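Student: I would like to learn how to read a structure like this one, feature by feature. Could we go through it together?
Tutor: Gladly; ask away as we go.

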Amino acid sequence: MHRSLFALVPAVILAGCGINSVPTAEENAKARWADVQNQYQRRADLIPNLVATVKAAGAQEKSILVEVTQARAGANQVKLTADQLSDPNAVANYQRAQGAVTMSLQRLQEAYPELKSQGNYTTLLSQLEGTENRITIARNDYNGAVQAYNTRIRTFPDAVGAKIFYGAKPMVPFQATTPGAETAPTVNFGN
C-alpha cells in the first residue's frame, strides 16, 4: 500500500505542474496566431481583386455613359429650323444625330438595365469592413490565448513544469506598430 501511495504522489504532482496544460496552451496561442496570419493573407488576396473588379465595372459603365452624353450633346448641336425642312441633307443630319442618341440609350438600357457600379462600391466597402473585423477578431483571439499561456507558465503549479520541462518563455501579444502585412492596404481608384 505504501508503495502504491509513493507511486501515486509523483503522478499527481506531475499532473498538476503543467505537463499537459502548458504545451496545450502554447499550441492554442500558436494556432490563434496562424488565424491572424490567415486573415492577413485573405485580405492581401481579396482586396486587390475586389478593387480591380469595381474599377473595371465602373470604367465600363463610364464609357457607356460618356458615349450617351456625347451623343446627346451632338444631337443638341444639330439644329433644324422650319426653313430647313425642305433640305434633305439638313433633315438627314438631324435624324442621324437623334438616332445616335436613341441607339446609345438603347445600348445602355439593354446592356445595363440597372447600373451596377454603385452596388459594387457598396459591396467593396462591406468587404473591407468585414475583412478588417475578421482581422481584429483574430488578433483579439490571439492576444487572449497569449494571455492564457503567459498566465499559465507564471502561476503555480504550472510554472514549475513550464520551467523544468519546457523552459517556457512568455509569448508576445500582437502589437499594432508592426510594419508589413499588418498595414491595411490603401484603396486607390486612380482618381
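This is a predicted model: local features need pLDDT of at least 70, side-chain atom pairs count only at pLDDT 80 or more; totals for chains, interfaces and linings use all residues.

Student: How many helices and strands does the secondary structure come to?
Tutor: There are five helices and zero strands, so the order from the N terminus reads α-α-α-α-α. Contacts also say something about the fold: of those with a separation of 6 or more, 80% join residues 24 or more positions apart.

Student: Which residues have the most contacts inside the largest nonpolar core?
Tutor: That core has 16 residues, and V22, Y149, I153 and A168 have the most contacts inside it. Helices α2 and α4 are the elements that give two or more residues to this core, and α4 provides the largest share, seven residues. A second, separate core has six residues, including I47, V51, V54 and L124.

Student: How should I read salt bridges within a helix?
Tutor: Start from the geometry: an α-helix has 3.6 residues a turn, so residues three or four places apart point the same way. In helix α2, K30 and E26 are four residues apart, which means about one helical turn separates them. They form a salt bridge, with the closest N and O atoms 3.7 Å apart. K30 is partly exposed at 41% relative accessibility, and E26 is partly exposed at 25%. E26, E27 and K30 are linked in a network of salt bridges. D35 and R32, three residues apart, both lie in α2 as well, and their salt bridge has its closest N and O atoms 3.1 Å apart.

Student: Which salt bridge links distant parts of the chain?
Tutor: Look at R43 and E132, whose side chains meet at 2.9 Å, N to O. R43 is in helix α2 and E132 in helix α4, 89 residues apart. R43 has a relative accessible area of 3%, so it counts as buried, whereas E132 is partly exposed at 26%. Also in α2 is Q39, which is buried at 14% and touches R134, I135 and A138.

Student: Why do the buried residues of α5 lie on the same side of the helix?
Tutor: In helix α5 (residues 158-166), the buried residues are D158, A159, G161 and A162. They lie on the same side because they cover an arc of only 165° around the axis. On the other side of α5, K163 and I164 are exposed.

Student: What should I notice in the backbone around α5?
Tutor: P157 lies in the loop between α4 and α5, and the peptide bond from F156 to P157 is cis, with omega near 5°. Just after α5, G167 takes a positive phi of about 60°.

Key
Residues are numbered from 1 along each chain as its sequence is written. Side-chain values use heavy atoms; hydrogens and water are left out. Buried means under 20% relative accessible area, exposed over 50%, partly exposed in between (1.4 Å probe, protein chains only). The arc is that of the directions from the helix axis to the C-beta atoms. Contact means heavy atoms within 4.5 Å. A nonpolar core is a set of buried Ala, Val, Leu, Ile, Met, Phe, Trp, Tyr and Cys residues joined through side-chain atoms within 4.5 Å. A salt bridge is a side-chain nitrogen of Lys or Arg within 4 Å of a carboxyl oxygen of Asp or Glu.
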